[in-house]
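Visitor: Please put the model on the screen. I will ask about individual residues and then about the chain as a whole.

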Amino acid sequence: MSEIRAMLGNVSRQRASVIANQRNFPEPIAVLAMGKVWRKSDVEKWVREHRPDLPSD
């Protein structure tokens with residue numbers, strides 16, 4: 001989740017969780033004891049489509 005927070009412009013943990021739980025956010029590829037895991041390319045694509053005002057790497 002910390003990487004997703006950074007990709008979303010360093011939003012709070014709570015805000016990142018709200019965004020990650022939206023219906024249009026990519027599905028995680030795994031759910032581990034430490035939390036959900038997403039494919040980086042899926043999240044990057046979502047950020048480009050839904051948060052175009054954020055700078056991309």
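Visitor: Is Ala-20 buried or exposed?

Guide: Residues under 20% relative accessible area count as buried, those over 50% as exposed and those in between as partly exposed, using a 1.4 Å probe and protein chains only. Ala-20 has a relative accessible area of 10%. By that cut-off Ala-20 is buried.

Visitor: What are the ground rules for these values?

Guide: This is a predicted model, where local features need pLDDT of at least 70, side-chain atom pairs count only at pLDDT 80 or more, and totals for chains, interfaces and linings use all residues. Residues are numbered from 1 along each chain as its sequence is written, and side-chain values use heavy atoms, with hydrogens and water left out.

Visitor: Which residues is Ala-20 in contact with, leaving aside its neighbours within four places in sequence?

Guide: Ala-20 sits in helix H2; helices (H or I, at least four residues) and strands (E, at least two) are DSSP runs numbered from the N terminus. Its C-alpha atom is separated by 9.8 Å from that of Trp-38, 18 residues apart along the chain. With contact meaning heavy atoms within 4.5 Å, the partners of Ala-20 beyond four places in sequence are Met-1, Phe-25 and Trp-38.

Visitor: What is the geometry of the ring pair Phe-25 and Trp-38?

Guide: Rings of Phe, Tyr and Trp (its six-membered ring) pair if their centres lie within 6.5 Å; planes under 30 degrees apart count as stacked, over 60 as edge-to-face and the rest as tilted. The count by this rule is 2 aromatic pairs. For Phe-25 and Trp-38 the centres are 5.8 Å apart and the planes are at 85 degrees, so the pair is edge-to-face.

Visitor: How many residues apart in sequence are the parts that this pair ties together?

Guide: Phe-25 is buried at 3% relative accessible area, and Trp-38 is buried at 13%. Phe-25 lies in the loop between helix H2 (13-20) and strand S1 (30-32), and Trp-38 in the loop between strand S2 (35-37) and helix H3 (40-50), so the parts tied together are 13 residues apart in sequence.

Visitor: Which residues does Val-43 contact, leaving aside its neighbours within four places in sequence?

Guide: Val-43 belongs to helix H3 and counts as buried at 2% relative accessibility. Beyond four places, the contacts of Val-43 are Ile-4, Met-7, Phe-25, Pro-26 and Trp-38.

Visitor: What is the relative accessibility of Asn-10?

Guide: Asn-10 is in the loop between helix H1 (2-7) and H2. Its phi is near 60 degrees, a positive value in a residue other than glycine. Asn-10 counts as exposed, with a relative accessibility of 64%.

Visitor: What is the radius of gyration of the chain?

Guide: The chain has 3 helices and 2 strands, in the order α-α-β-β-α. The radius is taken over C-alpha atoms, and the globule rule is 2.2 Å times the number of residues to the power 0.38. For 57 residues that rule gives 10 Å, and the chain is close to it, so it is as compact as a globular protein of that length, with a radius of gyration of 11 Å.

Visitor: What share of the residues in the chain is buried?

Guide: The C-alpha trace spans about 35 × 20 × 20 Å along its principal axes. Of the 57 residues in the chain, the buried share is 21%.
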